[in-house]
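The stops below are given in the order in which to select them.

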Amino acid sequence: MENQGAGALRQRQVLLLFVLLGMSQAGSEPGRFSVAEEMQSGKIGSFVANLARDLGLGVEELSSREARVVSDDNRKHLHLDMLTGNLLLNERPDREELCGSTEPCVLHFQVLLQNPLQFVRAELQIKDINDHSPTFLDKEILLKIAESSTIGTTFLMESAQDLDIGTNSLQNYTISPNSHFHVEIQDGGDGKIYPELVLVRALDHEEEAELRLTLVALDGGSPPRSGTSLVVIEVLDINDNAPEFPQKFYEVQVLEDTPIGSWIITISAKDLDAGYYGKISYIFFHASEDIRKTFELNPTSGEVHLRSSLDFEIIQSYTINIQATDGGGLSEKCTLLIKVTDINDNAPEVTISSITNRIPENVPQTLIAVFSVRDQDAGDNGRMVCSIQDDLPFILKPTFKNFFTLLTEKALDREMRAEYNITITVTDLGTPRLKTQHNITVLVSDVNDNAPAFTQTSYTLFVRENNSPALHIGSVSATDADAGANAQVTYSLLPPQDPQLPLASLVSINADNGQLFALRALDYEALQALEFRVGATDRGSPALSSQALVRVLVLDANDNSPFVLYPLQNGSAPCTELVPRAAEPGYLVSKVVAVDGDSGQNAWLSYQLLKATEPGLFGVWAHNGEVRTARLLSERDAAKHRLVVQVRDNGEPPLSASVTLHVLLVDGFSQPYLPLPEAASEPAQADPLTVYLVVALASVSSLFLFSVLAFIAVRLCRRGRAASVGGYPVPEGHFPGHLVDVNGSGTLSQSYQYEVCLMGGTGTNEFKFLKPIMPSLPVHDTGRNVEENENFRNSFAFNIQ
């Protein structure tokens, strides 16, 4: 029955506590919360408050702003349920462990919200319950009282310790019933009460030398808790002098790193009594368990020694009551205040609340991290300086209390630097200075802010004509300073400026590696050069691109044989050259005129006499094709001669053509001769024959002139069409002395005009034939070449006597 009644009573007390707790929370302002320690409501995961409602925020906003709870002592007493917005307990709170005797017991914490950054200061008050009974550190208290003690004399006794506070703390003392003593309660001025034993009836050592009483300590809880200690009273003979201290209050300062066993101070009292009554012993009086564990008092000498390590961050000072008792039981007390002096033995602490390790480039003022710093030392030892490296584009900004934010100072460029190692250094101002470092690695993500760049602004490629289709002729290359897809380059041909140029049928480009290919065989005589633009585009968003100019120069191949312009080889009647028998050696008989459709050394022509009716009579100049007499003519020389002249280019392999000249030796030009075989042996005919000869010569000359003009017109038309495609001349080397090149780009690459002039008379008169009128051309060669070209222009003259 008693157990059931006690259970019902505890249930009513718990219910009452819940009601009081609910009223306290309902009436508290936002930012202040409370919970009772060690009770059912204080278990792990228990509800404390709806933080979303108290802050006036929605649950979705709490989640989107990444709300979190940060405690000042870096312990996770609370956690926030992001689904409901409820603030819940993370551990079962013990007020005595958290706050000791401090009242009220308040845990400070902050609610950290981001986007934008906001701090909300809040407090959680831990309310005390009566979960501790009063206890006496000494289970037995020994009092020595002289029998001469007068009625009303008071005797100090050891007080009990109660870890609870307020009404749950120690409230009263009682003593077991007896006829000599009762207990009075004294207020110590520090909020604690002390029991004093009051003598109400005189003692008689001979009647009763020892008394055993039970001292009971009661707290104010409901139901109250109690603790007991046995009081042993020894009745002594008379001792009329109590010990005396030189001073009632002692103060000493001790460094917190003082070694264990070190001497602190000596407390000494004097007693005027002699013998046994003058012998003094020392004890700690009303000392807490922490004092007894930390310090040691020599009961005979009064020396105080350090028993365990001091820690300023836990306890800054100790107030110790020391009692001196003589052999007759008289006692006196004094107070010793030991102040612990702080030393710089705690390095600063860094707590990261939020961190972002990857940020995009080109974005100014980006939040990297939110962190707090703390130093448990005091004074200058606890003051801190927070810094990062000076050579980094980041800054630290203080925000709330000891919180800092790490931000970018400016927009970052990944192409300059893709990774930063930031060292947060927190240094205190103590001696020696202690510091803590925390490393943060920040990666800069790429943004497509760099267009592809070609290795050259223009490329010049060479390809020999008559190439095979799909021939690789060269490559272009572009690089992109970005990364990933932003750096992947795609190549393409850009539309040509000339819409008539069939670029797509001539050249193609590999989109992946920039290799260029000739799609078909090229002909130097039709197209000497090709110019177009290529583009390089990355795969970023938006895509960036650049351009480069590509020139393709077609190199000539020896694919054209020399072509003889004069004499014509068209199957008509052969052309006969007339040479007077009186001609001197070196007389110009005729000149073989030939051209080559190639250019450069492939168009350098040389002339050679292959066959002759009478070897040694005529010779051909190798560099200009002039046919001249090699010696004086005589009457014994045959009248009709047939010469075969070979024209050969300087290509590899060389190509050649041959032409046949007919030469008729005559006595003079006063009487013309027909170039017939039988005419050479017949005597001169009558005047009608002369007329026929003149008419035949005029007809042949007219026919030859018409053929030459028709040929030149056809070549000019073809050259005009080839020039419309566009071309770039290929510079060539110097001409050898024995070869002839009409101009720098081939013997058929320019238009020619010819003058035909027949001059009357004999002897030194000349027949000017096919004298070219050369257009003005840029000079690409040395003086030697200019001289050779000038000689070539002057060599188109044929002397006939």
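The tour starts with the whole chain and then moves through selected strands, loops and side chains.

**Before selecting anything**

This is a predicted model, in which local features need pLDDT of at least 70 and side-chain atom pairs count only at pLDDT 80 or more, while totals for chains, interfaces and linings use all residues. Residues are numbered from 1 along each chain as its sequence is written, and side-chain values use heavy atoms, with hydrogens and water left out.

**Whole chain**

Show the protein chain as a cartoon. Its secondary structure comes to eight helices and 49 strands; helices (H or I, at least four residues) and strands (E, at least two) are DSSP runs, numbered from the N terminus. Of the 801 residues, 42% are buried. Buried means under 20% relative accessible area, exposed means over 50%, and partly exposed lies in between (1.4 Å probe, protein chains only).

The accessible surface of the chain is about 41,200 Å², and carbon and sulfur atoms account for 53% of that; the areas come from the Shrake-Rupley method with a 1.4 Å probe, and for residues only the protein chains shown count as cover. Among contacts with a separation of 6 or more, 68% are between residues 24 or more positions apart, where contact means heavy atoms within 4.5 Å.

**Select proline 360**

Proline 360 is in strand β23 (residues 358-360). It is partly exposed, at 35% relative accessibility. Leaving out residues up to four places away in sequence, proline 360 touches Val444 and Ser445.

Arginine 414 is in the loop between β27 (403-408) and β28 (419-428). Is arginine 414 buried or exposed? Its relative accessible area is 14%, so it counts as buried. Neighbours within four places aside, the residues in contact with arginine 414 include Glu361, Val444, Asp446 and Ala481. Ser445 is also in contact with arginine 414, and Ser445 is touched by proline 360 as well.

Glutamate 415 is partly exposed, with 24% relative accessibility. Its side chain meets that of arginine 414 in a salt bridge (3.2 Å, N to O). A salt bridge here is a side-chain nitrogen of Lys or Arg within 4 Å of a carboxyl oxygen of Asp or Glu. By this rule the count comes to 16 salt bridges. Side chains of opposite charge can pair when their charged atoms come close.

For a network, select Asp138, Glu158 and Arg292, which are linked by salt bridges.

Strand β45 (residues 626-629) pairs with strand β41 (residues 588-591) in the antiparallel sense over three bridges. Two strands pair if DSSP finds at least two bridges between them. Serine 590 has valine 627 as its bridge partner in β45.

Strand β44 (residues 618-620) also pairs with β45, antiparallel and over three bridges. Phenylalanine 618 stands opposite threonine 629. The hairpin of β44 and β45 has five residues between the strands, and glycine 625 takes a positive phi near 80° there.

Now show the side chains of β45. Glu626 and Arg628 point one way, Val627 and Thr629 the other, and all are buried. In a regular strand the side chains alternate between the two faces of the sheet.

**Select arginine 631**

Which residues form salt bridges with arginine 631? One is glutamate 614, at 2.7 Å, N to O. Glutamate 614 lies in the loop between β43 and β44 and arginine 631 in the loop between β45 and β46, so this pair ties together parts 17 residues apart in sequence. Another is aspartate 637, with the closest N and O atoms 3.1 Å apart. Arginine 631 is partly exposed at 30% relative accessible area and glutamate 614 is partly exposed at 21%, whereas aspartate 637 is buried at 6%.

Seven of the ten residues of strand β46 (residues 640-649) are buried, so the strand is largely enclosed by the rest of the structure. Seven bridges join β46 to strand β43 (residues 605-612), and the two run antiparallel; glutamine 608 has glutamine 646 as its bridge partner. β46 also pairs with strand β47 (residues 656-666), antiparallel and over nine bridges. Valine 644 stands opposite threonine 660 in β47. The hairpin of β46 and β47 has six residues between the strands.
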